[in-house]
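Subject: Structure handover

Hello,

Here is the structure I said I would pass on. My notes on it follow below.

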Amino acid sequence: MTIFTKMSRVIAVLALGLFAVIAQPQAAQAQDIINPTAESVTEDALMEALNGDAQVQGRVSIPDDLSSGLIKPANRGWADTHGGPVRTVNLIAVVGMIVLLVAFYAIRGKIRIDSGPSSERIQRFSATERFAHWLMAVSFIVLALTGLNLVFGRAVILPVFGEGVFGTLSAWGKVAHNYMGFAFMLGLILSFVYWIAHNIPDKVDMHWLSKGGGLFVKGVHPPAKKFNAGQKGIFWSVTLGGAALSFTGVMLLFPELAGGEAGWQLYQVIHGVVAAILTAIVIAHIYIGSVGMEGAYDAMGSGEVDLNWAKEHHSLWVEEVQGKSSDGTGDGSSRPGTQPAE
Ligand code: HEM
């Protein structure tokens with residue numbers, strides 16, 4: 001053995017010794033961090049923790065801290081039992097309203113301008129009013145469709161279009177639902193400010209309601225101001241329902257504000273039920289504001305409506321706008337079939 005061979009063996013032994021000294025504490029440290037036999041990671045202990053009150057929190061590498069909390073079996077059970085009734089309310093309200101409207105259209109048909117279109121038009125809504133309406137309307141429609149996808153998508157979209165379409169739709173739908181809520185709130189506040197003064201209930205509404213708004217009998221036109229009793233009903237439903245949806249929606253978006261699990265679960269049920277009822281009401285509104293009534297859409301389209309349409313549906317408002325004094329009948333017309341005011 002040469003002197004060099006001897007020296008290299010000594011160096012190797014020394015290096016091994018040094019490595020052993022450095023590596024030993026690190027190995028002990030690693031053992032402290034990952035201990036596959038530790039009680040905290042055994043399945044029994046985990047299930048016990050999940051069933052208790054405590055939140056089981058892990059670690060995630062994505063920025064969303066909330067996703068580090070494990071879903072508890074009890075919460076999954078709660079979602080199953082409460083998801084059913086919320087689905088049923090949505091089904092009855094939305095499908096029921098569509099069936100009613102189809103039946104109404106079949107029986108009554110499109111509500112026409114009885115006296116025929118005139119050559120004159122009258123300004124009904126300003127550009128800012130229409131902006132507020134469409135901001136609220138478009139955002140609500142996106143919210144309603146993406147919300148309905150959450151409730152029925154798995155049963156309706158998934159089997160028809162498959163996992164790819166349903167997955168992409170739901171992922172984008174969730175983002176749209178979360179952000180469109182704020183556009184809806186802005187539209188809701190603007191519409192409230194513009195129209196609250198015209199939506200205070202008064203005695204003209206009682207008469208309008210007693211005549212069924214003239215919706216069911218051709219040629220009957222009970223007098224109304226800028227908004228009739230039916231529209232006031234839509235306004236207050238949208239205002240109060242929209243406020244409830246906005247509040248509960250914000251609570252669901254920021255669960256840490258909701259006051260714990262019980263609060264969050266309550267807000268979820270309220271959100272689902274109010275959304276179902278308001279969606280059904282809005283479907284009826286969309287019907288009457290578009291295909292259901294001749295001349296109605298123009299009010300929110302160009303902002304100007306046919307004068308005869310306005311006289312038939314909002315006679316007191318036409319008198320007010322044209323500066324005419326009411327003769328007490330409030331009808332603004334002597335055509336047969338029109339009704340006296342009160
Ligand atoms: C395509 C969808 C929609 C159409 C075609 C439509 C049409 C109309 C029309 C024509 C008016 C004016 C009626 C008049 O001259 O008196 C109106 C008013 C109104 N719209 Fe819409 N709308 C739609 C969606 C919505 C949505 C989604 C909401 C609420 C979430 C909404 C809330 C209102 C409210 C509160 C009013 C005032 C009260 C009333 O007239 O009932 N609209 N809409």
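A residue counts as buried when its relative accessible area is under 20%. Asp-205 is therefore buried, with a relative accessibility of 8%. One caution applies to everything that follows: this is a predicted model.

Overall fold

The protein chain has 342 residues, of which 33% are buried. Its secondary structure consists of nine helices and two strands. In sequence order the elements run α-α-α-β-α-α-α-α-β-α-α. Among contacts with a separation of 6 or more, 71% are between residues 24 or more positions apart. The chain exposes about 20800 Å², and 68% of that comes from carbon and sulfur atoms.

Ligand site

The shell around the ligand has 22 residues. The closest of them are Arg-124, His-133, Gln-231, His-285 and Ala-299.

- Gln-231: a polar side-chain atom is 2.4 Å from a ligand oxygen atom.
- Arg-124: a side-chain N or O atom is 2.7 Å from a ligand oxygen atom.
- His-133: a polar side-chain atom is 2.8 Å from a ligand nitrogen atom.

Which helix gives the largest share of the shell? That is helix 4, with six residues. Helix 6 (229-253) and helix 7 (260-289) each supply at least two residues, as does helix 4.

Salt bridges

There are seven salt bridges in the whole structure. One of them joins Arg-112 to Glu-294, with 4.0 Å between the closest N and O atoms. Arg-112 sits in the loop between helix 3 (73-108) and strand 1 (121-123), and Glu-294 in the loop between helix 7 and strand 2 (304-306), so this pair ties together parts that are 182 residues apart in sequence. Arg-112 is partly exposed, at 46% relative accessible area. Glu-294 is also partly exposed, with a value of 21%.

Lys-232 takes part in two of the bridges I looked at, one with Asp-202 and one with Asp-205. For Asp-202 and Lys-232, the closest N and O atoms are 3.9 Å apart. Asp-202 is in the loop between helix 4 and helix 5 (203-210) and Lys-232 is in helix 6, so the pair links parts that are 30 residues apart in sequence. For Asp-205 and Lys-232, the closest N and O atoms are 2.9 Å apart. Here Asp-205 belongs to helix 5 and Lys-232 to helix 6, so the bridge ties together parts 27 residues apart in sequence.

Is Lys-232 buried or exposed? Lys-232 is buried, with a relative accessible area of 6%. Asp-202 is partly exposed, at 26%. Together with Lys-225, the residues Asp-202, Asp-205 and Lys-232 are linked in a network of salt bridges.

Surface patch

Val-160, Phe-161, Val-165 and Leu-169 make up a nonpolar patch on the surface. Their accessible area together is about 390 Å². Val-160 belongs to helix 4 (residues 127-195). Its relative accessible area is 61%, so Val-160 is exposed.

Val-138 is located in helix 4 and is partly exposed, with a relative accessible area of 46%. Its C-alpha atom is 8.2 Å from that of Phe-184, a residue 46 positions away along the chain.

Ile-277 is located in helix 7 and is partly exposed, at 45% relative accessible area. Ile-277 and Met-97 are 180 residues apart in sequence, and their C-alpha atoms are 9.7 Å apart in space.

Where to look

The salt bridge between Arg-112 and Glu-294 can follow, and then the nonpolar patch of Val-160, Phe-161, Val-165 and Leu-169.

Regards

Notes. Residues are numbered from 1 along each chain as its sequence is written. This is a predicted model: local features need pLDDT of at least 70, side-chain atom pairs count only at pLDDT 80 or more; totals for chains, interfaces and linings use all residues. Side-chain values use heavy atoms; hydrogens and water are left out. Patches are made of residues with over 30% relative accessible area and no salt bridge: like charges are joined within 9 Å, nonpolar side chains (Val, Leu, Ile, Met, Phe, Trp, Tyr) within 5 Å. Accessible areas come from the Shrake-Rupley method with a 1.4 Å probe; for residues, only the protein chains shown count as cover. A salt bridge is a side-chain nitrogen of Lys or Arg within 4 Å of a carboxyl oxygen of Asp or Glu. Helices (H or I, at least four residues) and strands (E, at least two) are DSSP runs, numbered from the N terminus. Buried means under 20% relative accessible area, exposed over 50%, partly exposed in between (1.4 Å probe, protein chains only). Contact means heavy atoms within 4.5 Å. A residue is near a molecule or strand if one of its heavy atoms lies within 4 Å of it. A polar contact is a pair of N or O atoms within 3.5 Å; within protein, one must be able to donate a hydrogen and the other to accept it, and residues adjacent in sequence count only if both atoms are side-chain atoms.
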